[in-house]
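Please examine the sequence and the structure shown below. The briefing that follows is grouped by topic.

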Amino acid sequence: MNPISFKWLKSETIWVLLIAVFTAISSEIKIIPFNGEHFRFGLGSITFLLLVLIRVPKSVIRTGIITGLTVVFFRIFSNVFIYSGTLSDSFTEHYPAFLFYFVYVCLFKLLKVEQLIDQPLKLGIMATFIEIISNSAEHIVRYVILPNNYLDFSDWLLIVMVAILRSFFVVGIYSSIILSEQRKSLNQQLTLSSDLYVETVYLQKMMNHIEQIMAASYDLYRTLKKQQLQEQSVKALHISQEIHEVKKDAQRIFSGLSNITMPKTEDVYYLSNIVDFVITANSKYSEMLNKHIEFKIDNTVDFALTQQIPLLAILNNITANSIEAIEEKGNIKLGIFEYGEMIHFVIQDTGKGIAEDDLDVIFEPGFTTKYNQQGVAATGIGLSHVQEIVQMLDGQIHVECPSIGTIFHIKIPRKNIQKGVK
C-alpha cells in the first residue's frame, strides 16, 4: 500500500482522537473485582499509556481530557441505549472515570514521564505510581458520591498489584516495539555501511594506482625535459597535473565514504550480531530472487568486535554469491570457530560450484562466471574486494570445490577483530 495514503495519521488531531476512541473501546474489556459495577479494571489505561508512549502528543493534558470525556460518553451511551439505564444514574456512575485520565495526564506531564522513554525500569515504576494515584483519586470520588462503595486494605493491595502488572506490561510491549524498530534500522545501516566499505576499499586501491601513475608521469616529464624535448615534456607535465587533480577528487570522496563507513559510535557489536545481520539480509535477498534457501549456523565463539563493518562486508559478499550460485533451492552453512589464535569462518553452499580451472583466478578483478540474459558479464569485483579486506586484516582466504557446491574458508587473527585485545 502506498505510504502516502497514511499521511492523515500524521495529524495531531487525528492521533488524539484515535487514542480517545481506542481507549474508550478497550476500557469495556474489563473485570469488576469489587462491590457492584462501579469500579473496574479494564484495558483502557493499558491502551492509553501504550499509544501515548508510541507517539507522545503535543499536549498530553488535552489528550487526557478528550480521552476521559470520550470514555465517560461511551460508557453512558452503552448504559442507556444497550442496557436501558437512566441518563442520570449512568452519569453518576461513570463520570468519576474522567478523573482517572485527568489526574493521570497531569502527573504524566508534571513528572516528565516522556523523558524516561529510554529507561524501561524507571518508566515502569513511574507509570505504576501514576496509575495508583489516579485510581485512588477516582475511587475517592466514587466513595463521596456512592457511600456504599468502599475498599478495604486487601482491595487497595489489589489496586497496587494491578497497577504494577498493567504498567510494566505496557512498558514491555513498548520496549519490544522500539527494540524491533531499532534493530531493523541498525540492520539497514550496517548493511549500507558494509556495501560502502567495499567500495571504499576499491577506491583506496585505485588511489594507490593513481599515485603510481602520477609519479611515473612526473618522472617522464623530468626525463623529457633533460632531453630538451620541450613540447613532449610540457604534455607529460600537464598529464601529471591532471592526474594529481583526479587524485585530490578521489581523496575527497574517500574521506567522505570513510566517515560514513567508520562512524564514531559508542555501540558495541558482537560477532553473533554480525551473523544475525548477515542471515537476515541474505534471507530477504534469497526471497527477492524467488529462491528457497535454508541457512544453517554453527557458531561456537562470540566476542565484541572492532572491525564489524569489514567483517560484515566479507560475510555478506560471500553469502550473496552463494545464493546466486544456487539454482532454486539449496542450503548455505556458516560455521565459525576458534583454532589457536585464529578465528575461522567457513561458508559452504550447495550451488553449482566453481570450475577447478578457475580456482586460481577467481580473486582477480574482472573475473566472473555471472552473465545476464543478454550475455553481458557482471563486474566481477566482489571476490577481489573480499580478498583485499581479508588481507587488510592479516587474514587468509581459501576456496574449495567439493562434489557439490563451494566452500570458502577464511582465517583472521582474533586480536585483529576483537575489542579490547592487543
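This is a predicted model: local features need pLDDT of at least 70, side-chain atom pairs count only at pLDDT 80 or more; totals for chains, interfaces and linings use all residues.

The largest share, four residues, comes from α7. Helices (H or I, at least four residues) and strands (E, at least two) are DSSP runs, numbered from the N terminus. Residues are numbered from 1 along each chain as its sequence is written, and side-chain values use heavy atoms, with hydrogens and water left out. Local features need pLDDT of at least 70 and side-chain atom pairs count only at pLDDT 80 or more, whereas totals for chains, interfaces and linings use all residues.

**Nonpolar patch**
- The patch consists of Leu 121, Ile 125, Leu 157, Met 161, Ile 164 and Phe 168, with about 550 Å² of accessible area together.
- Accessible areas come from the Shrake-Rupley method with a 1.4 Å probe; for residues, only the protein chains shown count as cover.
- Patch residues have over 30% relative accessible area and no salt bridge, and nonpolar side chains (Val, Leu, Ile, Met, Phe, Trp, Tyr) are joined within 5 Å.
- A salt bridge is a side-chain nitrogen of Lys or Arg within 4 Å of a carboxyl oxygen of Asp or Glu.
- Ile 164 lies in α7 and is partly exposed because its relative accessible area is 33% (buried means under 20%, exposed over 50%, partly exposed in between).

**Helix α9**
- Helix α9 (residues 271-288) has 18 residues and spans 26 Å from its first C-alpha to its last, close to the 26 Å expected (1.5 Å times one less than the number of residues).
- The buried residues of α9 include Leu 271, Ile 274, Phe 277 and Val 278.
- Just after α9, Asn 290 adopts a positive phi of about 60°.

**Individual buried residues**
- Gln 308 belongs to helix α10 (residues 308-325) and counts as buried because its relative accessibility is 14%.
- Gln 308 touches Tyr 269 and Ile 274, not counting residues up to four places away in sequence; contact means heavy atoms within 4.5 Å.
- Ser 27, in the loop between α1 (12-26) and β1 (30-31), is buried, with a relative accessible area of 1%.
- A polar atom of the Ser 27 side chain lies 2.6 Å from the backbone oxygen of Ala 24.

**Whole chain**
- The chain has eleven helices and seven strands, and buried residues make up 41% of its 422 residues.
- Among contacts between residues at least 6 apart in sequence, 71% join residues at least 24 apart.
- The chain exposes about 24,000 Å², of which carbon and sulfur atoms supply 59%.

Conventions. Patches are made of residues with over 30% relative accessible area and no salt bridge: like charges are joined within 9 Å, nonpolar side chains (Val, Leu, Ile, Met, Phe, Trp, Tyr) within 5 Å. Buried means under 20% relative accessible area, exposed over 50%, partly exposed in between (1.4 Å probe, protein chains only). A polar contact is a pair of N or O atoms within 3.5 Å; within protein, one must be able to donate a hydrogen and the other to accept it, and residues adjacent in sequence count only if both atoms are side-chain atoms.
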